[in-house]
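Try each task first, then follow the solution step by step.

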Amino acid sequence: MEKYSLFVPRLITTEENFAPGHRACVGCGEALAVRHVCKALRKNVIIVNATGCIEIFSSLLPLTSWRVPWIHTLFENVGAVVSGIESAYKARIRKGKIQDRGVKFVGFAGDGGTSDIGLQALSGAMERGHNFLYCCFDNEAYMNTGIQRSSSTPYGAWTTTAPFGKESIGQMTWKKNMPEIVVAHRIPYVATACPSYPFDLMDKVKKGIEVEGPAYLHILSPCPTGWQYPPNLTIKMGLLAVETGMFPLYEVIDGEYRLSFDFPKLKPVQEYMKEQRRFRHLTEDIIEKIQEKVDEEYLKLMEKVR
Amino acid sequence: MTKGRLVGLEGSFAVAEAVRMANVDVISAYPITPQTHIVERLAELIANGELDAEFICVESEHSAMSACVGASAAGARVFTCSASQGLELMHEVLYIPSSMRLPVVAVTANRALSAPLSVWCDHSDAMAIRDIGWIQIFAENNQQAFDLTVCAYRIAEDKKVLFPAMIHIDGFYLSHVVESMILPDEEEVAHFIPDYVHPFVLDPENPVSMGCFGPPFIYPEAKKAQEVDLENTKPKIQETWNEFGEIFGRHYLPVETYKMDDASSALLTMGSSGETAMLAVDEMREEGKAVGLIRLRLWRPFPFKEFREAVKDVELLVVLDRAISFGMGGPVCSEVKSALYDKRKDLNIVGYIGGLGGRDITVEGFKYMINRALAYPEKEEEFEIIGVRE
């Protein structure tokens, strides 16, 4: 990363299509990720947003943070709304009603809006092969409604609906592997990303919108409010998630796996978890169990990469 | 001056013809009985190159309406159709185009709701979506299904309207029955509903934010504007029907009357049963009873003025509901009573619920309702469910 830092920022646009002044929490990893995504998308784009943190902190009437066309309707239908917009452009261009100016179509949703309530609409849109990019901003719980567990919440994490107690360690299930579900749809481009790696993130957004057909980007978005760490540690949390193998960064291009960042040796998951109060109740044996699972999953991924 | 050619068409095909002539850009639908013949016919028209549109075969009705919302927000002319459980699954999304002022046009093949599962006609699905803020119009036959669908595009897309519109056709009674009807000239229909341009569309050249987050200081204003504007669509609806009548020779009113001039008793129906009720009225007239018929065509926005005018001289109003608002009775009867409460306290309104889940309502059934209401003017119960085995 260091060797790029002098030059790469100069290649990044100063254009901010996601305007400053939104109402996200201090240190919000999701808002940062949205900013990066919008820098990569530029202006010729239509964004469809699910209900959730992004919609709430960016569109409180009479203000808006969006300098590109943006629509929010409901929680679970981003895949379907983006299908409709893409089809409208396709039909109207074909019928000569509008010119083809190469407009791109992008869906935004959180982990709940993607891996839980919005999964069906997304699956349908990908199966039908609409030409769009879908960005899942994964902060690993329903943060907007007050930190309730989702199927994307990691094992052992505290949330308000999966609290720890005498009979519970918090989340009792393993994080749903959403990117793998998407890969099973055989779409041309799937990738994971994190705002702690901004150039990698922007590069993947560009690949995602350029590819013909559906593309999916799963973006880990650290959340100081929900994960309960000091807000100045957002970038560090993202780096540690990747460096410990908790959230590996990779691409799947036409079914071919490619690791974005390889590490000779992964850091222990404990380094990532100890900074976050959502994991503070976990005993050593549970952490050991999580370490084993992370190692196992990472090995599986490495096998696919080879 | 009726123009066009006489054809025999199923109600579903009549609707599909209207959609073809409207030259829609995007169709998004999910199959459900008894709506299927509409989507099958549209898919066929597209496959044969007779209609140039994108058909999104979505994975649910929720997505069907969501895709229509997206397509309409991008400036496309859209169509969807559903029924029963499908309409209920769509329910959450139905509020979006009416609140965001997107002129989606939809057809519902009215069908009962589960449980028990029933694919047959009643108005439970239509009544469950009374409050969605759409323009809702009921057709009585296949000709009307065609005409009213054509008019729906013209109404919905008018810049002073910009509301979604739903045409209700009775499942099977219309959707699957072949009737003779006049199919007007395609070019004349195209001329009647020209291409439209929505004032605010999703376009990178002119970015807008749609569907924002509304705090308490703005939400009530938004909702009042929506209600006032929906009320104000009534003149435009009538104007459109008048213009349609002048060109095509068939005239429509929000409240249609039959033999009401000297009637002292009136029947009130919605949808296909109106035609059966006409036969009952004819027979009772022959028996010397001063009976007339009122058919409610425009259900939302409710035509208060026209309805009160229609009942101003009657002493008895017999309302047929094809749905139950559980714990309350017939939804149409309840609304009619509330529409007349401070205007016609002397009017005897008797509610019947019948025709549930495809149970036929016959001429005899309508005669029974009127005769019974005439015989027992002071009824103890609020309403009666007729034609049920005890």
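**Exercise 1. A helix pair in chain A**

At what angle do the axes of helix H5 (residues 78–94) and helix H7 (residues 119–128) of chain A cross, and within what distance do they come?

*Solution.* Keep in mind throughout that this is a predicted model.

Step 1. Two packed helices are described by the angle between their axes and the distance between the axes. For H5(A) and H7(A), the crossing angle is roughly 35°, and the axes come within 6 Å.

Step 2. Now find the residues that make the contact. H5(A) contributes A:Val78, A:Gly79, A:Ala80, A:Val82 and A:Ser83. From H7(A) come A:Ala121, A:Leu122, A:Gly124, A:Ala125 and A:Arg128.

Step 3. Sort them by class: six are nonpolar, three polar and one charged.

**Exercise 2. Strand pairing in chain A**

Which residue of strand E9 (residues 250–253) of chain A is the bridge partner of A:Tyr189, and which residue of strand E10 (residues 256–259) of chain A is the partner of A:Glu251?

*Solution.* Step 1. Begin with strand E7 (residues 189–193) of chain A, which runs antiparallel to E9(A) and is joined to it by three bridges. Within this pair, A:Tyr189 is partnered by A:Ile253.

Step 1. Move on to E9(A) and E10(A), which are also antiparallel, over four bridges. Here A:Glu251 has A:Arg258 as its partner.

Step 2. Look at the turn of this hairpin. Two residues lie between E9(A) and E10(A), and A:Asp254 takes a positive phi near 45°.

**Exercise 3. A sheet in chain B and its helices**

In what order do the six strands of the open sheet in chain B lie, and which helices lie across E14(B)?

*Solution.* Step 1. Trace the sheet from one side: the order is E10-E12-E11-E14-E15-E16, and the pairing is mixed.

Step 1. Identify the edges. Strand E10 (255–258) and strand E16 (383–385) of chain B each pair on one side only. Ignoring direction, neighbouring strands are turned by 20° against each other on average.

Step 2. Take one pair from the sheet. Strand E11 (residues 265–269) and strand E12 (residues 291–296) of chain B are parallel, with five bridges.

Step 3. Helix H12 (residues 331–340) of chain B lies across E11, E14, E15 and E16 of that chain, at about 145° to E14(B). Helix H13 (residues 363–375) of chain B lies across E11, E12, E14 and E15, at about 140° to E14(B).

**Exercise 4. Where the chains meet**

How many residues of chain B are in contact with chain A, and which element of chain B gives the most to this side?

*Solution.* Step 1. Count both sides: 39 residues of chain B touch 43 residues of chain A.

Step 1. List the elements. On the chain B side, strand E2 (26–29), strand E3 (54–57), helix H3 (61–73), helix H4 (84–99) and strand E9 (209–210) each supply at least two residues. H3(B) gives the most, with nine residues.

Step 2. Classify the chain B side: it has 22 nonpolar, ten polar and seven charged residues.

Step 3. Check for pairing between the chains. Strand E2 (residues 70–72) of chain A and E9(B) are parallel partners over two bridges, and A:Trp70 stands opposite B:Ser209.

**Exercise 5. Burial and overall build**

Is helix H1 (residues 11–21) of chain B mostly covered or mostly uncovered, and what radius of gyration does each chain have?

*Solution.* Step 1. H1(B) is mostly covered, with eleven of its eleven residues buried. Among them are B:Phe13, B:Glu17 and B:Arg20. After the helix comes B:Asn23, with a positive phi near 50°.

Step 1. Chain A has 13 helices and ten strands, while chain B has 13 helices and 16 strands.

Step 2. Apply the globule rule. For the 390 residues of chain B the rule gives 21 Å and the chain has 21 Å, so chain B is as compact as a globular protein of that length. For the 306 residues of chain A, the 19 Å found agrees with a compact globule near 19 Å.

Step 3. Finish with burial: 52% of the residues in chain A are buried, and 54% of those in chain B.

Note on methods:
Residues numbered from 1 in each chain as written. Chains lettered and ligands numbered in written order. Predicted model: local features only at pLDDT ≥ 70, side-chain atom pairs only at ≥ 80, totals over all residues. Buried ≥ 20, exposed ≤ 12 C-beta atoms within 10 Å, placed from the backbone. Pairing = 2+ DSSP bridges. Axes fitted to C-alpha atoms, helices over the stretch in contact; angles between N-to-C directions. Contact = placed C-beta atoms within 7 Å. Rg over C-alpha atoms; globule rule 2.2 N^0.38 Å. Nonpolar A, V, L, I, M, F, W, Y, C, P; charged D, E, K, R; others polar.
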